Amino acid sequence: MHPDAPPRNLLALAGGAGSGKTTLAQSLAGSRSTTVLLHLDRLFHTQADRAPSVPNLNGTGRVIDFSDPRSIDWDRVRQVIHATSDDELLVVEGTFALDEQIRRIARWTVYLDTPADLRLARKTLRKIDAGADPRVGLLGYLARGRDGHHEHVAPIKHRADLVLDGTLPVKELTDQLSGLLTPATSPTGAR
């Protein structure tokens with residue numbers, strides 16, 4: 001958290017793609033009233049000319065590089081954060097949730113540390129379950145996802161107040177997060 005910014009009732013939850021951030025955030029929200037979830041995955045730029053881009057793996061044109069934090073539409077993120085009441089717990093979850101823009105206003109920062117093989121397996125299964133070709137996701141991981149994780153995601157782990165083991169059951173992780181949030185879940189609570 002930035003020392004000059006007052007902490008908000010905001011939990012920043014980061015980790016690699018497939019680490020279990022969304023599942024954990026949804027579990028936490030289900031166990032607490034007045035919780036708002038902000039999924040950074042829904043706030044990427046939608047036009048390749050407004051964000052870092054890479055060649056499309058199918059050979060035609062360029063696509064947004066989702067492994068780069070500059071691909072997030074930070075103006076939209078700020079709008080959503082500022083539209084949330086201080087009485088609500090705002091959980092910002094996403095690969096880049098520990099970016100300085102969020103971290104400096106967060107009361108709690110958490111990194112979900114999950115081994116690369118488990119993250120890749122989860123992500124691939126998600127693609128299959130969604131009816132998508134898993135080959136595209138695997139090629140993207142080999143082409144830029146792995147390096148992007150090592151460049152942009154893994155280094156932020158040390159910036160978190162709490163690092164959780166992403167191999168643990170969701171219930172146990174939810175309990176750990178609830179323990180972090182209690183009793184200081186009001187805007188005036190001490191950290």
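**Fold and labels**

In this predicted model, the protein chain holds six helices and seven strands. Their order from the N terminus is β-α-β-β-β-α-β-α-β-α-α-β-α.

Q: Why is the protein chain called as compact as a globular protein of its length?
A: Its radius of gyration is 17 Å. The globule rule gives 16 Å for 191 residues. The two values are close, so the chain is as compact as a globular protein of that length. The C-alpha trace spans about 55 × 35 × 30 Å along its principal axes.

Q: What share of the residues in the protein chain is buried?
A: Buried residues are 41% of the 191. The chain exposes about 9900 Å², with 52% of that supplied by carbon and sulfur atoms.

Q: What share of the contacts with a separation of 6 or more joins residues 24 or more positions apart?
A: The share is 77%.

Q: How far apart are the mean positions of the positive and negative charges?
A: They are 2 Å apart, for 24 positive and 23 negative charges.

**One aromatic pair**

Q: How many aromatic pairs does the rule count?
A: The count is one.

Q: Why are the rings of phenylalanine 44 and phenylalanine 66 called edge-to-face?
A: Ring centres must lie within 6.5 Å to pair, and planes over 60 degrees apart count as edge-to-face. Here the centres are 4.8 Å apart and the planes stand at 80 degrees, so the pair is edge-to-face.

Q: What makes this pair a tie between parts of the chain?
A: Phenylalanine 44 sits in the loop between β2 (35-39) and β3 (53-55). Phenylalanine 66 sits in the loop between β4 (62-64) and α2 (74-82). The pair therefore ties together parts 22 residues apart in sequence.

Q: Is phenylalanine 44 buried or exposed?
A: Buried means under 20% relative accessible area. Phenylalanine 44 has 10% relative accessibility, so it counts as buried.

Q: Why is phenylalanine 66 called partly exposed?
A: Exposed needs over 50%, and partly exposed lies between that and the buried range. Phenylalanine 66 is at 48%, so it counts as partly exposed.

**Serine 27**

Q: Where does serine 27 lie, and why is serine 27 called partly exposed?
A: Serine 27 lies in helix α1 (residues 21-31). Its relative accessible area is 24%, so serine 27 is partly exposed.

Q: Which residues does serine 27 touch, leaving out those up to four places away in sequence?
A: Serine 27 touches Val170 and Thr174. The C-alpha atoms of serine 27 and threonine 174 are separated by 6.5 Å, although the two residues are 147 apart along the chain.

Definitions and conventions: Residues numbered from 1 in each chain as written. Predicted model: local features only at pLDDT ≥ 70, side-chain atom pairs only at ≥ 80, totals over all residues. Heavy atoms only, no water. Helix = DSSP H or I, 4+ residues; strand = E, 2+ residues; numbered from the N terminus. Rg over C-alpha atoms; globule rule 2.2 N^0.38 Å. Buried < 20%, exposed > 50% of the residue type's maximum accessible area, 1.4 Å probe, protein only. Contact = heavy atoms within 4.5 Å. Areas by Shrake-Rupley, 256 points an atom, 1.4 Å probe, with all protein chains shown as cover. Lys, Arg positive; Asp, Glu negative; His and termini not counted. Charge placed at Lys NZ, Arg CZ, Asp CG, Glu CD. Phe/Tyr/Trp six-rings, centres within 6.5 Å; stacked < 30°, edge-to-face > 60°.
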